[in-house]
Amino acid sequence: MTSIDFSKDAAQFWDKRFSEAEYVFGKEPNAYLKNQVAKYMRPGANALCVADGEGRNSVWLAKQGMAVEAFDISPVAVEKAKQLAKEEQVSVTFSVASTHSWVWKPNHYDLIAAIFIQFATPNMRIDLFAQIRDSLKPGGYLILQGYTPKQLDYKTGGPPSIDHLYTTELIQDLLRGMEICDWQEYEAEIHEGDGHHGMSALMGVVARKL
């Protein structure tokens, strides 16, 4: 796997990645997100999808009757997301933005979905998780899915650097002060387009803002 510096030229990197006609990570929602939403969310909830790429998760949440916003740094990805929403006949408010340029609304969202946002460097990650926590309403939920360090053995998706992967200690520290409602570390076959395909080492977490 080619080594990528995710902190530089991010938009250019992702534009190139998403430039093919096929949806790199497929059109179906992330399985962990789908399973957990049914337990914690309801139609009419305000939801935000962070770095949602081609829109698979935001479009699915909109199909569940939620009011959904989503952003991604790649204009190419956002155009594909808009096309997917059109195909599925749902409305999502899409924006081209980075985690830095996105205007985080305090105490606004019932749900924030952070699915494979492992482009974030360690320094970025601290600020990003603080922004996520602040943007949730009291009682709102973060649903997080990511790869653990064992993913470096599988090489079936995700960043090639251990600094971008999730350990128990790291995520517990980032979510300090939130109520942990679900925590899973597991290995599973996933099929999310060509981008995430095969046996994978995963972490899934649901955390509630107190």
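A disulfide is a pair of cysteine sulfur atoms within 2.5 Å. With that cut-off in hand, welcome to this predicted model. It holds 0 disulfides, and a search of the whole structure turns up 1 cavity of 30 Å³ or more. Here is a short tour of both topics.

**The cysteines**

- Cys49 takes part in no disulfide, and its nearest cysteine sulfur, in Cys181, lies 18 Å away.
- Cys181, in contrast, is partly exposed, with 25% relative accessible area.

**The cavity**

- Rolling a probe the size of a water molecule over the atoms shows where empty space is left.
- The volume of the largest cavity is about 40 Å³.
- Its lining is made up of Asp52, Gly53, Ala70, Phe71, Asp72, Val78, Ala81, Phe94 and Ser95.
- By type, these lining residues split into 5 nonpolar, 2 polar and 2 charged.

**Where the lining comes from**

- Three elements each give at least two residues to the lining of the largest cavity: strand E2 (67-72), helix H4 (75-88) and strand E3 (93-96).
- E2 provides the largest share of this lining, with 3 residues.

Technical notes
Residues are numbered from 1 along each chain as its sequence is written. This is a predicted model: local features need pLDDT of at least 70, side-chain atom pairs count only at pLDDT 80 or more; totals for chains, interfaces and linings use all residues. Side-chain values use heavy atoms; hydrogens and water are left out. On a 1 Å grid over the protein atoms alone, a cavity is a set of points where a 1.4 Å probe fits but cannot get out, and a pocket is an open set with protein on both sides within 12 Å along at least five of seven lines; lining residues have an atom within 4 Å of a point. Grid points are joined across faces, edges and corners, and a volume is the space filled by probe spheres set on the points. Helices (H or I, at least four residues) and strands (E, at least two) are DSSP runs, numbered from the N terminus. Ala, Val, Leu, Ile, Met, Phe, Trp, Tyr, Cys and Pro count as nonpolar, Asp, Glu, Lys and Arg as charged, and the others, Gly among them, as polar. Buried means under 20% relative accessible area, exposed over 50%, partly exposed in between (1.4 Å probe, protein chains only).
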